Structure formats: structure tokens, C-alpha cells
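Trainee: I have some time to go through this model with you. Could we take it piece by piece?
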Amino acid sequence: MKKILREISEMAIKLGEFSFTTEQTKTKWLGDQPATPAEIQEAETRLGVTLPVDYKEFLLITNGFTTLNENVDPSFSKISDVAFLKDVDPQLIEIWTENVELLEGAIKLARSIVIGGLTEEQYFLLIPPVIENADWEYWKFASWIPGEHPYQGLENYFINLLDFLKSA
């Protein structure tokens with residue numbers, strides 16, 4: 001995953017279509033310093049879950065990752081800022097709960113953990129499995145996308161982001 005994140009960083013900065021800090025431009029890196037295993041463990045304890053392996057691998061590469069465009073893609077948060085959506089945006093869950101047709105999605109939203117887009121127009125969510133040892137779900141979720149946009153994991157999301165950059 002580190003190679004993909006590096007390639008995204010270098011390509012986005014080279015394109016010059018997005019705004020980045022002087023430090024990001026100089027280092028050609030949109031990430032932060034890696035999280036420590038202790039920081040990850042503290043978050044797991046706080047959230048009461050064991051986070052998925054690929055997300056923990058991501059955090060050990062970078063504890064946060066800047067978006068290319070906050071109007072389209074979420075920035076990934078530092079592990080200390082990660083929280084349940086029900087605590088971040090309870091109104092969103094309430095709106096989805098009011099519509100019977102959206103109830104299945106509302107149930108997933110109520111369990112979801114926001115790992116990206118905390119102050120932006122879209123979220124990146126991890127949805128813990130209901131059954132132990134089942135797969136986590138990965139959603140990009142925004143009011144301007146009709147429903148959720150699922151991914152097969154973080155690497156799949158970043159591969160899609162890289163493909164977008166290559167087509168720009």
C-alpha cells in the first residue's frame with residue numbers, strides 16, 4: 001500500500017491541479033508520520049473493536065492522508081480523531097432511519113466508524129462485521145452520491161484514486 005500512496009502523492013503534486021502545503025510539495029508526500037502501535041491499540045480500546053488489518057497497516061505507513069480534493073474525496077484522519085458516525089453525525093443516521101427503504105443502510109451507518117472526511121462533504125467509513133471473523137465493509141459515503149460507494153478494502157480505494165489521477 002505504501003507504494004500506491006507514494007505514487008498518488010507524487011502524481012497529484014506533479015499534476016498541480018490541487019492545493020498542497022509547501023512541506024507536502026517539497027517531500028512529495030501527502031501523508032503524515034506513521035501511527036505507533038500504542039496509538040492504534042488505544043483507539044481499538046476506545047472504540048471497543050479490533051480494527052481491520054489493512055487499516056492498521058495504513059496507519060503504520062501514515063497516520064492521516066490528505067485528500068486531493070475535499071469536494072470529491074475524503075482526507076483520512078489521524079487515529080486519535082477516528083470515531084463512530086453516531087457520535088460525529090447523529091442527524092445523518094436519524095434521516096436514514098426515518099425511511100423504511102433505507103433502514104438496512106441506516107443500521108450499518110449506526111455501527112460505522114468514520115476514518116476520513118470528518119470536516120468534509122463526504123466520509124470514508126469502516127463498518128464492523130456483525131458476525132465475528134466476517135469481513136469489514138468499506139464505504140465512501142456522501143450526500144451527493146446516491147447511497148454508499150463500497151470498496152473491497154483500503155488498497156482497492158487507493159487503487160481507484162490512482163486510476164482517477166492517471167486519467168486526469
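This is a predicted model: local features need pLDDT of at least 70, side-chain atom pairs count only at pLDDT 80 or more; totals for chains, interfaces and linings use all residues.

Trainee: Which residue has a positive phi although it is not a glycine?

Mentor: That is Lys-28, with a phi of about 55 degrees, and Lys-28 is placed in the loop between helix H2 (22-27) and helix H3 (37-47). As a rule, most residues other than glycine have a negative phi. Lys-28 is partly exposed, and its relative accessible area is 42%.

Trainee: Switching to aromatics, how many pairs are there?

Mentor: The count comes to 13 aromatic pairs. One of them is formed by Trp-29 and Phe-65, which are edge-to-face, at 5.8 Å centre to centre and with 75 degrees between the planes. This pair links distant parts of the chain, since Trp-29 lies in the loop between H2 and H3, Phe-65 lies in the loop between H4 and S1, and the two are 36 residues apart.

Trainee: Are Trp-29 and Phe-65 buried or exposed?

Mentor: Trp-29 is buried, with a relative accessible area of 12%, and Phe-65 is buried as well, with a value of 3%. Phe-65 also forms an edge-to-face pair with Phe-158, at 5.8 Å centre to centre and 75 degrees between the planes. That pair too links distant parts of the chain, with Phe-158 in helix H8 (residues 154-167), 93 residues apart from Phe-65. Phe-158 is buried, with a relative accessible area of 1%.

Trainee: Which residues form the aromatic cluster?

Mentor: One aromatic cluster is formed by Trp-29, Tyr-55, Phe-58, Phe-65, Phe-76, Phe-124, Tyr-151, Tyr-157 and Phe-158.

Trainee: How many cavities of 30 Å³ or more does the structure hold, and what lines the largest?

Mentor: There is 1 cavity of 30 Å³ or more, and about 40 Å³ of space lies in the largest cavity. Its lining includes Phe-65, Phe-76, Tyr-157 and Phe-158, and by class the lining divides into 7 nonpolar, 2 polar and 1 charged residues.

Trainee: And the largest pocket, what lines that?

Mentor: The largest pocket holds about 190 Å³ of space, and among its lining residues are Pro-52, Asp-54, Trp-136, Trp-139 and Tyr-151. Strand S4 (137-142) and strand S5 (148-151) are the elements that give two or more residues to this lining, and S4 provides the largest share, 3 residues. By class, the pocket lining has 7 nonpolar, 1 polar and 3 charged residues.

Trainee: Last one, where is Ser-77, and what is it in contact with?

Mentor: Ser-77 is in the loop between helix H4 (53-61) and strand S1 (83-84). Ser-77 counts as buried because its relative accessible area of 9% is under the 20% cut-off. Leaving aside neighbours within four places in sequence, Ser-77 is in contact with Tyr-55, Asn-63, Gly-64, Val-82, Ile-115, Gly-116 and Leu-118.

Key
Residues are numbered from 1 along each chain as its sequence is written. Side-chain values use heavy atoms; hydrogens and water are left out. Helices (H or I, at least four residues) and strands (E, at least two) are DSSP runs, numbered from the N terminus. Buried means under 20% relative accessible area, exposed over 50%, partly exposed in between (1.4 Å probe, protein chains only). Contact means heavy atoms within 4.5 Å. On a 1 Å grid over the protein atoms alone, a cavity is a set of points where a 1.4 Å probe fits but cannot get out, and a pocket is an open set with protein on both sides within 12 Å along at least five of seven lines; lining residues have an atom within 4 Å of a point. Grid points are joined across faces, edges and corners, and a volume is the space filled by probe spheres set on the points. Ala, Val, Leu, Ile, Met, Phe, Trp, Tyr, Cys and Pro count as nonpolar, Asp, Glu, Lys and Arg as charged, and the others, Gly among them, as polar. Rings of Phe, Tyr and Trp (its six-membered ring) pair if their centres lie within 6.5 Å; planes under 30 degrees apart count as stacked, over 60 as edge-to-face and the rest as tilted.
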